[in-house]
Amino acid sequence: MKKLNLFFIFIILFSLGSCHSDPSSPKEATVDNTVKTGKITGKVMSQNGAKAIGGASVFTFDDKYKIYYTTSDADGNFTLDAPVGNHTIHIQTGNGSNFRTEVAATVKNNETLTLDLSQTKLNQVAKIAYVKGSYDKIEDIILSLGYTATEITNNDLTNLNTIAQYDIIFLNCGSRKYSTNQALFPAIDANLAIFVANGGSIYASDWDVSYLVGGTDNTSSCAPAGGFVPDSKLCSTNTGNSGIVPAVVSNAGLSSALGFNNLNIDFDLGSWQKITNYDPSYWEVLVKDGANQALMLRTNHFTATGIPVTPIGNAPNTTFVPVCITIPGSSIQITISVPQTLVPYLVALGATVGPCSGSSNSGYIYYTSFHNHAAGNIGNAGVILQYVILNL
């Protein structure tokens, strides 16, 4: 009896073993986890198709909200690896709040889809204003790219409801005219602080640093009256001499977008603002001279106590939200704008709402000691200023 039982046990075990080794068994089937992908190529252009846009973010997401990301080169060209299927391809500059485009695309396995130039034009979603200057005309550069800007005055800067309509304000060198507008500047200083603290962005050139730190038409000391940026954060004095200044693009992202590191800047007026001191934890240096002195700065670290919360520009009406995402497989973090509906899913994967650095609510402040006039010899500085416009 015992031998018979052992015989049946042997038969059963043999049968189980044979079943386990059957290659047709589901337990032995190989699962292919490889994501099928194709490529999206194109060339990012300005709204009017006149200028290739370098340094633009190009990205999409798969059905599990993993990001696929690349940037355009100095000639605007990009190649994006993307998962197979129907996707929205996002094209953005800066953090995507002010300039962005969305393109529907069908990605096929191991195939390349080239987007038409009409699809890859970078759209303006921001409302832009400028104050007319005596020396600079940033508005000419804006218009040369096919974008629009509205002229406002120093009187308009005293009205918060007026400037709150805009996302970006450009302050052209020579626009301050302090002798005739002196009584306006306490209100202007307060309003610009509110504007930036709530997400609005500002660009000022040369003498118009006085809008930031105080002074008359320019600044001649490190503790001038007025302004809204603390004197401890920035000092600029009107001591620059005319002539060609060899310069270096010290920011890697800007250098990649431009396609060069070195340039000559023509300081064509007899007296310009030299940045003599700045807080490196507050400002990022984008361009400097051969003596390592800053010529171009930016920050999104502006904060101040007692600033009221005020809706600025398109922010109250947009369905896009800036988020900070880490590129999969790297430690690189990027700030992009995504539809509100995607935010919970991206946050669940580790993204955070708001920019990757700086104050969560602050807009950008850009300052260049060199000019932005379209007339005159500004050389390669012209393409730097195009970058400024698109990345505010």
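Me: Buried means under 20% relative accessible area, exposed over 50%, and partly exposed in between, with a 1.4 Å probe and protein chains only. How many of the residues of the chain count as buried?
Reply: Of its 392 residues, 48% do. This is a predicted model, where local features need pLDDT of at least 70, side-chain atom pairs count only at pLDDT 80 or more, and totals for chains, interfaces and linings use all residues. Residues are numbered from 1 along each chain as its sequence is written, and side-chain values use heavy atoms, with hydrogens and water left out.

Me: How many helices and strands are in the chain?
Reply: There are 10 helices and 21 strands. These are DSSP runs numbered from the N terminus: H or I of at least four residues for helices, E of at least two for strands.

Me: Take α6. Is it mostly covered or mostly open?
Reply: Mostly covered, as 10 of its 13 residues are buried. Among them are F185, I188, L192 and F195. Helix α6 covers residues 185–197, and just after it G199 has a positive phi of about 110°.

Me: Which residues touch the most other members in the largest nonpolar core?
Reply: I40, F170, V287, L295 and F370, out of 53 residues. Helix α10 (residues 381–391) gives the largest share, seven residues. Another core, of 36 residues, lies apart from it and includes Y166, F185, A193 and I202. A nonpolar core here is a set of buried Ala, Val, Leu, Ile, Met, Phe, Trp, Tyr and Cys residues joined through side-chain atoms within 4.5 Å.

Me: Changing topic: how many aromatic pairs does a search of the whole structure find?
Reply: It finds 11. Rings of Phe, Tyr and Trp (its six-membered ring) pair if their centres lie within 6.5 Å; planes under 30 degrees apart are stacked, over 60 edge-to-face, and the rest tilted. One of the pairs is F59 with F61, edge-to-face at 5.8 Å centre to centre and 75° between the planes.

Me: And F59, is that buried or exposed?
Reply: F59 is buried, because its relative accessible area is 0%. F61 is buried too, at 9%. F99 and Y147 form an edge-to-face pair as well, 5.0 Å between centres and 70° between planes.

Me: Where in the chain are F99 and Y147?
Reply: F99 is in the loop between β5 (85–92) and β6 (100–107), and Y147 in the loop between α2 (138–144) and β9 (150–152), 48 residues apart. Both are buried.

Me: Which ring does the charged end of R100 sit over?
Reply: The ring of F320, 3.9 Å from its centre. K127 lies over the face of Y166, 5.5 Å from the ring centre. The cut-off is NZ of Lys or CZ of Arg within 6 Å of the ring centre and within 35 degrees of the ring normal.

How values were computed. The expected span of a helix is 1.5 Å times one less than its number of residues.
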